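Hi,

Here is the structure we talked about handing over.

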Amino acid sequence: MSTRKQNPATHDGTGLYQSPRLPDDHHYEIVALVLQGGGALGAYQAGVYQGLAEAELHPNWVAGISIGALNAAIIAGNPPEKRVERLQQFWQTICRPPFLPPSPLAAMDRTDGWPSTFVRWSNEWEAWRALLEGQNGFFLPRFLPPSSGTPASVSYYDTAPLKQTLEALVDFDRLNDAGEMRVTVGAVNVKSGNFVSFDNTTERLRAEHFMASGALPPGFPAVEIDGEYYWDGGVVSNTPLYQVLTAEPRKNSLIFQVDLWSARGDLPNNMGTVALRQKDIQYSSRTRMITTQMARNQQYRRLLRELLELVPDDVRRDNPWCREAAKMACDRRFNIIHLIYNDKDCEGHFKDFQFGAPTMREHWRSGLSDIEHSLAFPDWLDMPTADAPVRTHDVHRQ
């Protein structure tokens with residue numbers, strides 16, 4: 001699957017593509033890739049990763065929820081030179097129907113120029129196929145879904161094929177080497193209702209941890225891990241950004257936040273667009289709220305740090321309140337490059353389970369294009385200043 005497209009904004013005078021680079025002395029201790037949930041839209045994240053890999057911007061922390069967790073597993077579970085290839089294999093695998101032959105349209109690279117009515121019909125057909133047949137290497141329908149049973153069996157679909165796909169494409173020994181890349185995925189404990197982060201710095205992650213992160217009810221069953229059952233993390237929070245920003249100890253961080261749902265959108269004018277708008281709002285990240293609060297907290301921490309400098313050394317050493325304040329004070333800085341998938345014409349409320357191959361390739365190209373345009377602003381990679389320790393960038397708001 002070829003997804004290479006050139007972005008004129010990132011070419012030099014010779015016409016050759018010039019990937020931006022972080023300088024060797026960039027001082028970021030964390031380069032994080034944060035991946036939201038969104039089903040079939042997740043191919044957009046794979047395109048973003050391809051652009052980062054071509055720019056040699058390799059994350060040392062990848063965090064994801066739902067489809068973002070599955071992409072994270074592919075990335076962390078393969079060497080850098082194999083990650084894009086494995087992502088392509090993953091998406092080509094799950095975007096094939098499991099039983100009936102693919103539609104003749106599946107071989108087409110793009111739908112640009114197609115009549116809008118035909119594109120809409122094709123998208124609806126692929127969505128219905130997913131509902132009726134499932135997706136190859138991902139999920140299969142239970143033709144007689146049980147009305148009762150164990151948490152692992154009460155669902156419309158069986159995700160056993162996903163375990164085989166992950167184990168075929170992911171080296172879990174490499175993934176669990178936290179010294180190379182930290183991996184964090186979010187899920188919800190079905191019994192307690194609490195959000196849980198699975199992290200390779202504290203436990204060994206298996207295919208089940210990533211399946212749990214994407215176990216969205218009632219379609220997919222809860223996944224059992226060590227006697228507890230878990231659902232999709234998006235039930236509570238559809239992005240692990242907060243977990244990355246608040247991790248201890250705090251470190252200077254460059255974060256690529258890749259979202260699949262936009263909080264901003266048009267007013268709905270029919271039942272289909274009502275369902276679509278409801279999904280967008282429900283699953284979109286509260287990135288601006290989180291970053292605004294984080295910026296305020298960092299300003300308070302800096303204020304505390306500056307005030308401690310006025311306190312005599314012996315008081316700072318002996319006074320318990322000063323010692324506690326020293327733990328809370330820090331001058332760490334966070335640079336967040338936000339990438340949000342933008343809806344395409346003729347997409348409906350089923351866009352997250354429309355796995356048609358041409359649409360998948362278009363999602364991938366969109367992610368690649370957006371990261372290339374984002375990296376065309378070289379100052380966006382600069383370390384934030386002490387006066388503004390939290391910065392955010394969004395190419396669609398630029």
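**Aromatic pairs**

A search of the whole structure, which is a predicted model, turns up 14 aromatic pairs. One of them joins Phe138 and Phe355. Their ring centres lie 5.9 Å apart, the planes are at 85 degrees, and the geometry is edge-to-face.

Where do the two residues sit? Phe138 is in the loop between helix H4 (116-133) and strand E3 (140-141). Phe355 is in the loop between strand E10 (334-340) and helix H13 (357-375). The pair therefore ties together parts that are 217 residues apart in sequence.

Phe138 has 6% relative accessibility, so it counts as buried. Phe355 has 3%, so it is buried too.

The pair also belongs to a cluster: ring pairs link Phe138 and Phe355 with Phe139, Tyr157 and Phe220.

**A charge over a ring**

Look at Trp61 as well. Arg182 lies over its face, 4.1 Å from the ring centre.

**Helices H1 and H2**

Two packed helices are described by the angle and the distance between their axes. For H1 (residues 43-54) and H2 (residues 67-76), the axes come within 9 Å. They cross at roughly 35 degrees, and the crossing is right-handed.

Which residues meet there? H1 brings Gln45, Ala46 and Tyr49. H2 brings Ile67, Gly68, Asn71 and Ile75. By class, the contact has four nonpolar residues, three polar ones and no charged ones.

Best wishes

Technical notes. Residues numbered from 1 in each chain as written. Predicted model: local features only at pLDDT ≥ 70, side-chain atom pairs only at ≥ 80, totals over all residues. Heavy atoms only, no water. Phe/Tyr/Trp six-rings, centres within 6.5 Å; stacked < 30°, edge-to-face > 60°. Helix = DSSP H or I, 4+ residues; strand = E, 2+ residues; numbered from the N terminus. Buried < 20%, exposed > 50% of the residue type's maximum accessible area, 1.4 Å probe, protein only. Lys NZ or Arg CZ within 6 Å of the ring centre and 35° of its normal. Axes fitted to C-alpha atoms, helices over the stretch in contact; angles between N-to-C directions. Left-handed = near helix turned anticlockwise from the far one by under 90°. Contact = heavy atoms within 4.5 Å. Nonpolar A, V, L, I, M, F, W, Y, C, P; charged D, E, K, R; others polar.
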